[in-house]
Amino acid sequence: MAYDGMRDYMAAKLQKQQHQNGEYGTAALSRVLEPTILWFDGFLGPEHSMLDMKTLCVRHGATVVDVLTLSVTHIIAVHLTARKLELWKNRRVVDPQWLHESIKAGRLLPWQRFGIVQRTSASLFNTAALAPTKEQAPQQLLPHQSTSTHNIHKAHAGQSWKAKNSATAEGFLEKYYSSSRLSKISNWKADLKDFVAELEMTYPKPERPSKAASSSKRTIMHVDMDCFFASVALRNRPELRSLPVAVCHSKGIAGGSTAMHYGLGEESFSSTSEIASCNYVARSFGVRNGMLLGKAQKLVATSAAMGNTTAGKASPSSATRLITLPYQFDAYDEVSKILYRLLHKTSDSLMVVSCDEAYIDVSSQVIERGTGKEMEIAEALRAQIFEQSQGCRASIGIGENMFLARVATKRAKPDGVFALLGSTEDIQKELFTMNVHDLPGVGYVIAKQMNDINIHTCRDLARLSLSACKKHFGDANGSKLYQFARGIDTRPFENKSRQSVGVEVNWGIRFQALSEVHTFLSQLVQELLVRLAKTRMMGRQITLKVKKKLYEGEPTKLLGCGHCLDLSKTRPIAPEISDLKGTLLKDVLELYQELGVSPDDLRGVGIHMSKLADTNGTSSVGLKGQTLLKFGFSSKINDAEAKADHREMYVPDNGQKGAKHEIDWGIVELLPKEIQLELRSLKRKSSSTTSATRGLEKRVEKLDAPSGKNARRSPPPSFCGETSFSGIARLFAAWVKSSDGPALSSDVEKVCSYLRALVRCCQGDKCARLLRELARLAAETQDSRERKGKGRAGSAVAAGYTTWTDAVKSIVDACNAEFMCEYGAPLKLS
C-alpha cells in the first residue's frame, strides 16, 4: 500500500493501532487502568512480553500508544540510559511491576514507589531519597489522632481560604492583578517606556554641547534604588528603620513574631509567602529577596536569641522578630515616576530597566576624564532622588558601557557611587576577581556548564577563545560572555518598542471541570482586550501558554504552580475582524484543546498577542453573522516599490519606431480582465521584436528585479501579514467557515489579487497549492451545508456568489489567465 507522505502513514498506523486496541478491549477484565495513557520503551525483560503486556493493559482499561507524545501519562520501562534519564527526568517513568501490582490491588497504586527515574537517582546519590520526609507526609486529621479543636478549625479555615482565593472565585482576576507583585513588575517596564516616550515628546531635550574630539568614550551610569519596596514603605515609618523589615503578602502569623523565644518550635515558621524586598538590617541576619517568609522569620528569631547580628543599628533585644509590611503599589509607581523625571532631566538619553533601575548616558556633560565630573553628576543626582522621593536612597555605578556600569553598581551599594573607569588594565584587574555567577545572563544552566569546565571567575572565562565560548555556551551567549569577560558591551542603548501584550496567571489555578477553564479563559480574553485598548495596538498572532503540573499533591507554596512543564500554541489572526472577543475566545479554546492538558493538571495560564501594530479607528463590521477579513497588502510602500510600479514598456506601432509609454500597473489591476490580458501579452511580445526592443526589455527587467550592491529586493506578497503556506491556509479556512452564507465578491477579488501577485513573483507552485487547499475547503463546506439543507443560504446577498464552489471557480479562472500571461500555459490543479 502506498502512502502520500509520512502524515498519511502515521494516520494509517494510528487507525490500525486503535483497531487492535478495540479487539483487545472486547474481552475487558476491569477498568483499573482506565485513566492512563501508556507508552512502552522497548525491551521489558524476559518475564514481560511486549504484546502480552499491551494486551493486558488494554483489557484493564488503559490506552496504549506507539508514539510518545505529551498526552502520554506514563512511560513503561525497566532501564534507562543516561540520556533518557536526562530527557525524561520530569516524566512518569515506571516499572512494569506497577501495572501488575495495581491490577492485583484493584486500584491504581501511587506510581512513585515504582518510578525508574526516582529509583535511579536514589541509587546514585541518596539511598534515602525514596523515604517519606516530614514535609512530604500528608497532613491528615485522623479520628484516632489527638488533635485540638483549634487545629481542626484551622484546617477548615485553610480550605475555605483556598476556595475564596482560587481562580474559580468571583472577582479573582481583579484581586490578583491589583495585588500581584510579579504581574505588576512585568507590566511596569512597558508602562515606563510609554511614560519616558511621553516625557521626550512633552519636554524635548535641549542641544547638548559636543564632546571634545580627544574623548570618544561614553559615560554611562547605572542607577539602582536601594531596597526599593522596603525604602518606600519606611518613608512614613522612621521608628522601624533600625529594625529588620520585609515587604510581602503574608503577615507571618504562622511564624509567630517571637516563636523561638517562647518555645513554639520551628514548625511555627511555616509561611510560604515570598519576600519581595527587605532592608539592610534584615539582610544582616541572612534574609534575602525571594526567600520564604517562614525561613526568614526563623533566621531573625534564631540570630536574635543567640545575639548574632551585624546590623550595628539593631540590638538583639530590639530585633527579636522580622517585621512585615504590605505592598503599596501606588506609592511605588509615584516614586518610580519621580525617579524617571529626574533621570530624563539629567541625562542625554535613558534606557528603562525596571521600576527602580535604569541606565543613563551623560557623555555630553563629561568633556574630559579624570576631573571628577562623573562623580559630581552622580552625587547631585542621588541628592535630588533622596529629597524628592522623601527618603529613598539610590546607588550609582559609572562605566564606559552598560556592563561596566552595572558591575560598578555592585561596588557602590548600599547608598554610594563607584566609577569603573580608567585604562584597560585597571578595568580588567577589577573584572578578573569577579565571580562568573554575577555576569548578566548567567543563570543556573550556564553556571553549571561553567562549573563543569572549571570556570569560576572572569579571569578563567577570559582564557577561553571566542570559538571555545561559542562551543560551550552557544553562539549568542558565547559571544556575549566572551565580550563581558573583557569589559566589552556592544548591546544597543535603546528602549525597544513593545513586542507583545499579554495576561498571565501562575497562582491560584485550580480547576476541576472543563467549564471552569472555559470561564476563566473568557475572563483572560476580556482582560487582554482591555490592555490592548490602553496601548492602542492590535496584533496578528495569538499565543496560549499553559503550565502542566509534574507532581502529585500540592507544591510548597500555597496555591503556587510548583514544578511544571511549559507548553504553548500559536496561530495567526486577521488584523481586523468583527466580534473580536468572540473570535479570540474561539481561537484560545481551540488552542487549549490542541494542547490536551486536563483541567486538574493546569497550574498556569497565559494569553499573549504579538506582531503588534498601531490601530486607528474601529474594526470593520460586515454582514450580520459573517466575519469580514481584511485581505490585501500593506499600505506602506517604500520608494523603490513605488517606482517599480511605473514600468517602462515598449509598445510596437505598426512597424514604426518604438515609443516609450509609462504604464501604472496599479491602475491596470482595476481594468477589465480582457484589457489586462491584452496589455500583459503586449509586454511579453515586445521582448522578441528588435535589438532596440531587447535593450528596452533589459531596462524593464532591471526595474522588475533589482540586483547589485545597492538594489533593494521587494518583499514577497503577504496575505493578512502572513507569507507561509500554513499560515495562509489557516486564514483561508477561517474565511470559508466564517459564515453559513456565500462568499462576498469583494473578498474573492482580494484573494484573486494576492494569488495573481504570487504568479507574477514566480511563485506559481505556491499559488497552485493554495488553490488546491481552497478548493478542498470549499467542497467540504458546500457538502456539509447541503446535507444540512443550507446549500443556498444567503444567496440573495448583494454582490455575493451563489455557492462557495462558484467563488473558487472564479478565483481559479483569474489565476489561469495570469498563468497564461506569465508562462503561456494554463494552471494544472489535478
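Let's start with a charge and a ring: the charged end of Arg769 sits over the ring of Phe725, 4.0 Å from its centre. For that label, NZ of Lys or CZ of Arg must be within 6 Å of the ring centre and within 35 degrees of the ring normal. Keep in mind that this is a predicted model, where local features need pLDDT of at least 70 and side-chain atom pairs count only at pLDDT 80 or more, while totals for chains, interfaces and linings use all residues. Residues are numbered from 1 along each chain as its sequence is written, and side-chain values use heavy atoms, with hydrogens and water left out.

**Charge over a ring**
- Here's another case: Arg531 lies over the face of Tyr177, at 4.5 Å from the ring centre.

**The sheet**
- Four strands make up an open sheet, in the order E2-E1-E3-E4, with parallel pairing. Strands (E, at least two residues) and helices (H or I, at least four) are DSSP runs, numbered from the N terminus, and two strands pair if DSSP finds at least two bridges between them.
- At the edges you'll find strand E2 (63-64) and strand E4 (93-94), each pairing on one side only.
- Strand E1 (residues 37-40) pairs with E2 over two bridges, in the parallel sense, and with E3 over three bridges, also parallel.
- Strand E3 (residues 74-76) is joined to E4 by two bridges, and Ile75 has Val93 in E4 as its bridge partner.

**Nonpolar cores**
- The largest nonpolar core has 48 residues, and those with the most contacts inside it are Val223, Phe229, Tyr332, Tyr340 and Leu343. Such a core is a set of buried Ala, Val, Leu, Ile, Met, Phe, Trp, Tyr and Cys residues joined through side-chain atoms within 4.5 Å. Buried means under 20% relative accessible area (1.4 Å probe, protein chains only), with exposed over 50% and partly exposed in between.
- Apart from it lies another core, of 37 residues, including Val505, Leu567, Leu591 and Met609.
- Leaving aside neighbours within four places in sequence, Phe229 is in contact (heavy atoms within 4.5 Å) with residues including Arg181, Trp188, Val247, Tyr327, Tyr332 and Cys355.

**Aromatic pairs**
- A search of the whole structure turns up 17 aromatic pairs. Rings of Phe, Tyr and Trp (its six-membered ring) pair if their centres lie within 6.5 Å; planes under 30 degrees apart count as stacked, over 60 as edge-to-face and the rest as tilted.
- Phe228 and Tyr332 make a tilted pair, 6.1 Å centre to centre with 50° between the planes. Phe228 lies in helix H9 (residues 228-233) and Tyr332 in helix H12, so the pair ties together parts that are 104 residues apart in sequence. Both Phe228 and Tyr332 are buried.
- Phe229 and Tyr327 are edge-to-face, at 6.2 Å centre to centre and 85° between the planes. This pair links distant parts of the chain, 98 residues apart: Phe229 is in helix H9, and Tyr327 is in the loop between strand E8 (323-325) and H12. Phe229 and Tyr327 are both buried.
- Ring pairs link Trp188, Phe228, Phe229, Tyr327, Phe329 and Tyr332 into a cluster.

**Helix H26**
- Among the buried residues of H26 are Gly727, Ile728, Leu731, Phe732 and Trp735.
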